[in-house]
Amino acid sequence: MDESEEVPKDFIKLKSEKLSVDEVSELVISPYCGAVSLFIGTTRNNFEGKKVIHLEYEAYTSMAETEIKKICRDVRQKWPSVQHIAVHHRLGLVPITEASVIIAVSSPHRAESLEAVRFCINTLKASVPIWKKEIYEDEYSWKENKECFWANSEK
Amino acid sequence: QVAVLYFARSAELAGLRAETLSVPRRLTSLQLWEEIVKLHPRLATIQDQVVFAVRQEYVLLGDQLLVLHPGDEVAIIPPISGG
């Protein structure tokens, strides 16, 4: 049996197919880790009284992957005991209640993975070039994250 | 010659997702924006909300001097909404 520690890995994927919680959790599971923390972002069926039919996501894919890699690097700097990180984000059409993003982090003890998952989703919302369009019955709307550092926050 | 990429609302207003543009090698980010708005005047409505990504690094619209190389990617980035 290899005595060296398992090499920490980042699993980043942007894809148009349905995301799988099982798949993402299994990517980060490790015999050295007692904790796997998970975040799942799902789509709500309403916004300000309007019925949301579905969501559509688009991305500047190459830069989005690079920005997510930077987030993983920052996670490892802040929480060195973190083992594996997985970030899967869906692109294209996402029906209501299906997941748009799944983030999983493993660490030996639970505090680090819980904090790392929170940091990942908060930073993703602030810096990764992905856009969401909400489709209502009669219209649509490009959403804007309040975390976005350059958006006009006086609106 | 740089490759300009349009996303989300900016792609809708410009009516396209990508094109090549001839610009001076050195110019401010605001000057670059003004060149793009000349081609696609409807983009002026989102001027307060966008940033650029030049070679995949974010750049605010303003006085920052850009040094561009042939084939560089410049993306128009409206407010993001991932996650």
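**Exercise 1.** In what sense do β4(A) and strand β6 of chain A pair, and over how many bridges?

*Solution.* First, a word on what you're looking at. This is a predicted model, where local features need pLDDT of at least 70 and side-chain atom pairs count only at pLDDT 80 or more, while totals for chains, interfaces and linings use all residues. Residues are numbered from 1 along each chain as its sequence is written, chains are lettered from A and ligands numbered from 1 in the order in which they are written, and side-chain values use heavy atoms, with hydrogens and water left out.

Step 1: find the strands. Strands (E, at least two residues) and helices (H or I, at least four) are DSSP runs, numbered from the N terminus. β6(A) covers residues 92–95, and β4(A) covers 50–59.

Step 2: check the pairing. Two strands pair if DSSP finds at least two bridges between them. Here there are 4 bridges, in the antiparallel sense. For instance, A:Leu55 has A:Val94 of β6(A) as its bridge partner.

**Exercise 2.** Work out how β4(A) pairs with β3(A) and with β8(A).

*Solution.* Step 1: start with β3(A), residues 46–47, which is joined to β4(A) by 2 bridges and runs antiparallel to it. A:Phe47 pairs up with A:Lys50 of β4(A). The hairpin of these strands has 2 residues between them, and A:Glu48 takes a positive phi near 50 degrees.

Step 1: go on to β8(A). It is joined to β4(A) by 7 bridges, again antiparallel, and A:His54 has A:Ile135 of β8(A) as its bridge partner.

**Exercise 3.** Describe how α2(A) and α3(A) cross.

*Solution.* Step 1: get the angle. The axes (lines fitted to C-alpha atoms over the stretch in contact, with angles from 0 to 180 degrees between N-to-C directions) come within 10 Å and cross at roughly 145 degrees.

Step 1: list who touches whom. Contact means heavy atoms within 4.5 Å. Among the residues making it are A:Ile71 and A:Val75 of α2(A), plus A:Phe119 and A:Cys120 of α3(A).

**Exercise 4.** Which residues touch the most other members of the largest nonpolar core?

*Solution.* A nonpolar core is a set of buried (under 20% relative accessible area, 1.4 Å probe, protein chains only) Ala, Val, Leu, Ile, Met, Phe, Trp, Tyr and Cys residues joined through side-chain atoms within 4.5 Å.

Step 1: pick them out. Of its 28 residues, A:Val75, A:Ile85 and A:Ile103 touch the most other members.

Step 2: see who supplies it. α3(A) gives the most, with 6 residues.

Methods. Buried means under 20% relative accessible area, exposed over 50%, partly exposed in between (1.4 Å probe, protein chains only).
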